[in-house]
There are 2 protein chains.
Amino acid sequence: MPESSSPGAAADPLASWNEGTTKNSIIDFVARVTKAGGEDYVAPEERIATFDNDGTLWSERPYYFQVAFAFDQMKAMASRHPEWKEKEPFESVLAGDLSRVFAGGLPALAEIVIATHSGMTTGEFEVLARDWLEATRHPTTNKLFTEMVFQPMLELLAYLRANGFKTFIVSGGGIEFMRAFAEATYGVPPEQVIGSSGKLKFEFRDGEPVLTKLVEIEIIDDNVMKPAVIQNHIGRRPIASFGNSDGDLAMLQWTTAGKGARFAMLVHHTDAAREWAYDRTPSIGQLDRALDEAIAKGWTVVDMKNDWRRIFPFE
Amino acid sequence: MPESSSPGAAADPLASWNEGTTKNSIIDFVARVTKAGGEDYVAPEERIATFDNDGTLWSERPYYFQVAFAFDQMKAMASRHPEWKEKEPFESVLAGDLSRVFAGGLPALAEIVIATHSGMTTGEFEVLARDWLEATRHPTTNKLFTEMVFQPMLELLAYLRANGFKTFIVSGGGIEFMRAFAEATYGVPPEQVIGSSGKLKFEFRDGEPVLTKLVEIEIIDDNVMKPAVIQNHIGRRPIASFGNSDGDLAMLQWTTAGKGARFAMLVHHTDAAREWAYDRTPSIGQLDRALDEAIAKGWTVVDMKNDWRRIFPFE
């Protein structure tokens, strides 16, 4: 019996979820796969759950938080890169003209992320990311970025782990960036964080071995790459997956195509008052094809406005 | 307290290791990093141990066991590849002229491995590997390949886990091939097996999503790539690493360069009677530079002949 469910009148482990079909679908699934002797029973080692990060575990507006980090790093690095003053998209970031940066789409953002996430050791990058996360506040809410995580999802992560699941993050976000906060914030250790990554070079610096972050991309962990990356890192098919956008569709398809009980869930951003509301049209976090498929296949779709009693821990 | 050490007069968890400095170096290290309040104490989540596979956990003679698998797969696939009859290195394998195949060195072997490990789904490959491992016997010992694992290393894996370590395999062997037996044989689950890998393609076959194994190489997990792959998959630096060849040197350098107590060990194949004896000269499993560095730095070097009471479980 999982430890969290043993005390008599235990508090609701999903207290921030309003009662209803969404919450029930989670509880029902967990009950089925953990019931010893039941026809849907799944051995603990096969209880793999994979979570997207941006828009699923924390907010992604007004732009990916890692992009905010990259912007700040760019400014900090600018004195060593005089050429950036006359080269887009760097020029526009330095001039504070973000709308012009975003007009360049994902390629422009990727260029900024790569330029600010390479040319240093993994150890140096970790310090930069941790320091930034501890000190920097969200541009509109003025909260720390690590405070802008979804309380119901924190409860869900803990609930699954208490029921023998191993929880993984499988996100398009940078693997080293996410590892800088995932253990403290989500309880997900570094070896269970999977993300986009650049190539690393093993070399000696002053006689000490280091891993230097190169500009070459190793993998973009999004869309149809998610199942491939899951196979490479985990080697088992998840029985439950959680996302919020079309970039998660392949992961949910891969998860639900396995034999036995499966669970797929999408977080639908429907609460403009407490968080943000968007789905089919935006360039970031678009939820269109995946929403259609979720409806057609009966996957769980979280209506943030109605299903979540509380969105952020600070509320 | 780890469960295995709790009974009063418990059996020696490292019973196949002869008493002496090698065995003591292991026990001393584990005692130091697990002693609460001690100056070398390491929190359980940081107790990461990485193991090479070929030559470290099981034998690698007369050639890598995965190469034996590839040879057999080639023969099984040959009818669908008439061109192999007139193309090296395939021609020599089909003709049974292995000395000519090995004359082609690692590039020839790699070509055979890639040709036999692609063009199928991950699920299909897993079945092929499992079936082969269950049915095929070693060319000289006539044992199953999974019986040719080193009993002292099985005990070491269990001993470390009983002391709160998380044990990973980090090997040049194929990641999917090793996962077909690592959990049953070593107690290492798929998500803790890291190896060389090919690219995977997510696609639909008869309406079902599959991951198809492509011929393109994703990563060769050997030599200076081992620290990079460790960082990518685990995201923590190991505190203990175990290898047997120059291909493990970078992993051991990376491990021991970390702060605090560190442990590095090489298995030196010195027992021609019970296993094989080789070190500085062979093309497979060469132990030359790493042996020099181990001696210079005081790493633990296992003398198989003298340090291991028993080598294989079947003895």
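Start in chain A: select β2(A) together with strand β3 (residues 193-205), and you'll find them paired in the parallel sense over three bridges. Here, strands are DSSP runs of E with at least two residues, helices are runs of H or I with at least four, and both are numbered from the N terminus. Two strands pair if DSSP finds at least two bridges between them.

Before going on, some housekeeping: this is a predicted model, where local features need pLDDT of at least 70, side-chain atom pairs count only at pLDDT 80 or more, and totals for chains, interfaces and linings use all residues. Residues are numbered from 1 along each chain as its sequence is written, chains are lettered from A and ligands numbered from 1 in the order in which they are written, and side-chain values use heavy atoms, with hydrogens and water left out.

**Stay on β2(A)**

Click Ile169(A): it stands opposite Val193(A) in β3(A). Which residue of β2(A) is the bridge partner of Phe51(A)? It's Ile169(A) again. Seven of the nine residues of β2(A) are buried, so the rest of the structure largely encloses this strand. Buried means under 20% relative accessible area, exposed means over 50%, and partly exposed is in between (1.4 Å probe, protein chains only).

**Rings in chain A**

Next, select Phe29(A) and Phe165(A). Their ring centres are 6.3 Å apart and their planes are at 50 degrees, so this pair counts as tilted. The pair links distant parts of the chain: Phe29(A) is in helix α1 (residues 21-34), while Phe165(A) is in the loop between α7 (151-162) and β2 (166-174), 136 residues apart. Both Phe29(A) and Phe165(A) are buried. For the rule, rings of Phe, Tyr and Trp (its six-membered ring) pair if their centres lie within 6.5 Å; planes under 30 degrees apart are stacked, over 60 edge-to-face, and the rest tilted.

Over all chains, the structure holds 46 aromatic pairs. To see a cluster linked by ring pairs, select residues including Trp58(A), Phe65(A), Trp132(A) and Tyr186(A).

**A stop on the outside**

Is Gly37(A) buried or exposed? Gly37(A) is exposed, with a relative accessible area of 80%. You'll find Gly37(A) in the loop between α1 and β1 (48-51) of chain A.

**Over to chain B**

Pick helix α9 (residues 225-233) of chain B. Eight of its nine residues are buried, so α9(B) is largely enclosed by the rest of the structure. Among those buried are Pro227(B), Ile230(B) and His233(B). Just after α9(B), look for Gly235(B), which takes a positive phi of about 75 degrees.

Then select β6(B), helix α11 (residues 289-297) and β7(B), which make a right-handed β-α-β unit. Right-handed means that, with the strands pointing away from you, the path from the first strand over the helix to the second runs clockwise. Strand β6 (residues 263-268) of chain B pairs with β7(B) in the parallel sense over four bridges, and Val267(B) has Val302(B) as its bridge partner.

**Where the chains meet**

Finally, show both chains. The contact (heavy atoms within 4.5 Å) takes 35 residues from chain B and 35 residues from chain A. The area buried between them is about 3,000 Å², with carbon and sulfur atoms giving 52%. That area is the accessible area (1.4 Å probe) that two parts lose on being put together, summed over both. Highlight Glu191(B), Phe202(B) and Asn232(B) to finish: they supply 21% of the area that chain B buries against chain A, more than any other three residues.
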